Amino acid sequence: MKIAIASGKGGTGKTTVAVNLAAIAQLNGKRSVYVDCDVEEPNGHIFLKPEIDSQQTVTNPVPVIDDEKCDSCGECGKICHFNAIAVILDSVLVFPELCHGCGGCFHACPKGAITESPREVGKIEAGRSYQVEASGKEGIGFIHGILNLNEAMAVPVIRAVRKMIPESEWVVIDAPPGTSCSMVATVRDADYVLLVTEPTPFGLHDLELAYRTVRDLDITAGVVVNRAGTGDSGVGEFCAREGIEILAEIPESREIAEIYSRGSVIINEDEGFASIMAELMKKVEKRIMAEQR
Amino acid sequence: MKIAITAVGPSEEDEMDQRFGRTKYFMIYDTEAGEYQSLSNSSAAAESQGAGIRTGELLSNNGVGALITGHVGPKAFSTLIAAKIKVFSGGKGKVSEIVSRYLAGELKETKGPDVNSHWT
Amino acid sequence: MKELVIISGKGGTGKTSIAASFAHLAGNLVTADCDVDAANLHLVMSPVVRRATGFSGGKTAVLDQGMCSGCGKCLELCRYDAVSEEDGIYKIDKTACEGCGVCAYFCPVKAIDMVDDENGEWYVSDTAYGPMVHARLNAGGENSGKLVTLVRGQARRIAKDGDFKVILVDGSPGIGCPVIASITGADAILAVTEPSMSGLHDLKRVVGLAGHFGIRVLVAVNKFDINPDMTDKVLEFVKNEQLEMAGRVHYDIDVTLAQVEGKSVVEFSDGRAASDIRELWRNTAESLELEV
Ligand code: SF4
Ligand code: SF4
């Protein structure tokens with residue numbers, strides 16, 4: 001089962017829910033995997049403190065021109081939709097940072113003058129986390145992608161992370177905030193999406209956008225309201241109107257905020273929170289099984 | 001030789017545009033004929049990325065030998081070097097005034113990019 | 001004219017509440033909401049839209065089933081898994097399409113067209129504190145970097161034409177394309193962070209990015225009283241990196257209540273957070289020599 005945790009914006013508690021949902025499943029005897037696709041700001045590792053046992057780089061194939069073969073026909077410049085390659089007078093200029101690695105120029109060159117060479121844009125680390133006491137198990141599986149600083153394109157890193165996700169009975173994917181291409185690339189093949197929000201006008205506004213995105217992808221979504229009891233009733237009314245289920249409400253709590261800010265897994269230290277997560281896990285499981293039937 | 005000046009409008013009485021890749025117009029001054037012509041850059045300026053590269057290409061295709069503008073980013077600069085177009089920093093003012101200053105030899109040639117990429 | 005961008009590694013650090021309060025305190029300036037993915041500033045600035053313009057971030061491939069001969073070339077060439085085939089019928093998934101146009105270029109019967117992807121709108125509005133430029137990106141819309149560039153460019157033009165001295169930008173979160181587009185060429189950024197492990201981690205990434213572009217960085221810690229130890233760590237980082245500390249803001253329920261009222265914090269309340277933000281603004285304006 002793949003559950004993606006998303007939110008219209010960051011800071012709503014998305015990572016908190018993702019980390020603890022992965023942790024509670026492990027505690028309940030599942031083989032749980034936590035996957036961080038928020039590659040611009042991956043934070044899950046702060047809480048899960050994984051022991052990393054494998055690392056790989058993510059690369060993008062960019063064109064390299066063989067000057068001997070090139071006759072400056074200009075075809076490569078014409079096919080590139082990203083202005084990453086331009087033919088000026090008799091030279092071909094390549095701008096690797098702009099290249100999306102589509103292979104268009106490589107296929108289009110009539111002289112076979114283009115080869116592709118990998119360029120690093122980020123990396124993936126995988127390992128296991130032993131933050132949760134669960135005897136006889138080998139720890140929570142952990143994978144995260146990291147976009148290199150000063151790289152603009154997150155999607156190739158996300159795609160590479162997704163390819164590494166193992167088949168497991170419980171996979172929690174921490175999605176990037178927002179509703180843009182990165183978020184879509186992350187949640188598109190999830191079995192279920194949990195949208196984490198706050199009961200405030202900002203939270204509602206961003207929830208509406210995120211919900212529409214997920215609905216357009218034809219994935220079932222439920223809502224988790226974080227810091228319940230602080231703002232107004234807008235989120236509740238919206239969910240009722242749209243027929244979206246609110247699967248959990250996490251009360252505003254100074255204790256939770258403190259455990260979070262220390263960088264610890266919250267279910268280990270707060271029983272009330274742990275039971276909310278356990279309940280949430282059961283509900284999500286049921287919804288996915290109902291879907292699949 | 002043809003000289004291109006980034007311009008906020010299609011006339012030599014318009015101000016020079018400080019931007020290169022995102023300029024809407026160029027005024028092209030032909031030193032032999034002593035005449036101006038306007039050239040639209042709207043399609044390159046609308047590119048999501050690499051506007052400066054496309055703009056450099058446009059100037060190259062129009063046989064321009066020198067460019068006067070405000071700021072040029074690194075990618076655009078490489079394109080201009082490949083196109084053998086010299087770059088001059090124009091300061092501020094109307095296109096016609098800046099061209100007079102250029103003809104009087106008062107403008108300085110720019111030898112490298114002077115802003116980061118993505119300068120809007 | 002000076003341009004200040006308020007950013008945070010992640011959203012939800014109070015960045016927008018601080019931006020709205022700054023606008024109120026400055027009184028007369030141009031504001032730009034560049035957090036186009038989760039634009040919230042309009043919820044507390046009551047803008048009156050003067051002009052709305054459609055935005056297209058890129059192209060998307062559209063396949064004409066009637067013309068398709070079923071050769072499968074597009075499926076073979078697409079590197080984004082956007083093309084699928086079932087019973088000889090080929091389909092392009094718009095949400096996976098990168099807009100590279102390779103399929104259209106190589107389709108032997110020209111059954112694929114690259115069309116503009118309408119994926120948002122941007123607005124020029126009036127507020128009580130001067131003009132505001134903001135945008136709305138459609139669900140799953142691509143290329144918010146371009147939209148950010150557009151919004152900022154427009155704000156600059158308005159500032160120049162109207163002789164405004166300050167542009168205040170509510171920046172995008174993260175470190176990717178939209179945030180790069182939000183900060184390049186700005187005079188300074190105010191990085192708003194929270195006292196937590198992840199807040200500090202994100203702050204480091206953002207500061208690294210700003211350093212790369214040579215932009216001056218001011219730091220503010222929001223809800224600093226939630227975890228004094230972590231606040232100390234943030235302060236230590238600020239000191240070691242020789243960044244400027246601009247202020248700290250107490251945790252205060254009024255920040256949420258102001259939001260519910262659709263107002264900025266300083267307009268709504270005289271509480272602790274409001275007075276902290278006032279001081280934060282004084283420090284920022286003084287340090288950047290903003291003429292307001
Ligand atoms: S398509 Fe090939 S031969 Fe033509 S300019 Fe490009 S690299 Fe050179
Ligand atoms: S691989 Fe695609 S994006 Fe990269 S230069 Fe070639 S055509 Fe352009």
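Guide: A salt bridge is a side-chain nitrogen of Lys or Arg within 4 Å of a carboxyl oxygen of Asp or Glu. The model discussed here is predicted.

Visitor: How much area do chain A and chain B bury between them?
Guide: The contact draws 14 residues from chain A and 14 residues from chain B. Carbon and sulfur atoms account for 58% of the buried area. The total that chain A and chain B bury between them is about 1,200 Å².

Visitor: Which element of chain A gives the most to the side that touches chain B?
Guide: Across the interface of chain A and chain B there are 5 residue pairs in polar contact. On the side of chain A, β4 (85–88) and β5 (91–94) each supply at least two residues. The element that gives the most, with 3 residues, is β4(A).

Visitor: How many residues of the side of chain A that touches chain B are charged?
Guide: That side of chain A has 9 nonpolar and 4 polar residues. The charged residues there number 1.

Visitor: Which residues of chain A lose the most area to chain C?
Guide: Chain A and chain C bury about 5,100 Å² between them, 55% of it on carbon and sulfur atoms. Three residues together make up 14% of what the side of chain A buries. They are Glu41(A), Asn150(A) and Phe202(A).

Visitor: Which element supplies the largest share of the side of chain A that touches chain C?
Guide: Chain A and chain C share 25 residue pairs in polar contact. Elements of chain A that each supply at least two residues to this side include β7 (140–147), α6 (181–187), α7 (201–216) and α9 (254–262). The largest share, 8 residues, comes from α7(A).

Visitor: How many residues does chain A contribute to its contact with chain C?
Guide: Chain C takes part with 63 residues. The number from chain A is also 63.

Visitor: Which residue of chain A meets Asp93(C) in a salt bridge?
Guide: The interface of chain A and chain C holds 3 salt bridges. In the one that involves Asp93(C), N and O are 2.5 Å apart. The partner is Arg188(A).

Visitor: Why does the pair of Glu98(C) and Arg159(A) join two chains?
Guide: The closest N and O atoms of Glu98(C) and Arg159(A) are 3.2 Å apart, and the two form a salt bridge. Glu98(C) lies in the loop between β5 (89–92) and α4 (102–106) of chain C, whereas Arg159(A) lies in helix α5 (residues 155–164) of chain A, so the pair joins two chains. Both Glu98(C) and Arg159(A) are buried. The link thus runs from a loop of chain C to helix α5 of chain A.

Visitor: How far apart in sequence are the parts that Asp189(A) and Arg162(A) tie together?
Guide: Asp189(A) forms a salt bridge with Arg162(A), with the closest N and O atoms 3.7 Å apart. Asp189(A) sits in the loop between α6 and β9 (192–197) of chain A and Arg162(A) in helix α5 of chain A, so the parts tied together are separated in sequence by 27 residues.

Visitor: Are Lys15(C) and Asp170(C) buried or exposed?
Guide: Lys15(C) and Asp170(C) form a salt bridge with the closest N and O atoms 2.7 Å apart. Lys15(C) belongs to helix α1 (residues 15–26) and Asp170(C) to strand β8 (residues 166–170) of chain C, 155 residues apart. Both Lys15(C) and Asp170(C) are buried.

Visitor: Which residues come nearest to ligand 1?
Guide: Around ligand 1 there are 13 residues. By class, the shell has 8 nonpolar, 2 polar and 3 charged residues. The nearest are Cys70(A), Cys73(A), Gly74(A), Cys76(A) and Cys109(A).

Visitor: What is the relative accessible area of Asp218(A)?
Guide: Asp218(A) is in the loop between α7 and β10 (221–228) of chain A. Its phi is near 70 degrees, a positive value in a residue other than glycine. Asp218(A) is exposed, with a relative accessible area of 72%.

Methods: Residues are numbered from 1 along each chain as its sequence is written. Chains are lettered from A and ligands numbered from 1 in the order in which they are written. This is a predicted model: local features need pLDDT of at least 70, side-chain atom pairs count only at pLDDT 80 or more; totals for chains, interfaces and linings use all residues. Side-chain values use heavy atoms; hydrogens and water are left out. Contact means heavy atoms within 4.5 Å. Buried area is the accessible area (1.4 Å probe) that two parts lose on being put together, summed over both. A polar contact is a pair of N or O atoms within 3.5 Å; within protein, one must be able to donate a hydrogen and the other to accept it, and residues adjacent in sequence count only if both atoms are side-chain atoms. Helices (H or I, at least four residues) and strands (E, at least two) are DSSP runs, numbered from the N terminus. A residue is near a molecule or strand if one of its heavy atoms lies within 4 Å of it. Ala, Val, Leu, Ile, Met, Phe, Trp, Tyr, Cys and Pro count as nonpolar, Asp, Glu, Lys and Arg as charged, and the others, Gly among them, as polar. Buried means under 20% relative accessible area, exposed over 50%, partly exposed in between (1.4 Å probe, protein chains only).
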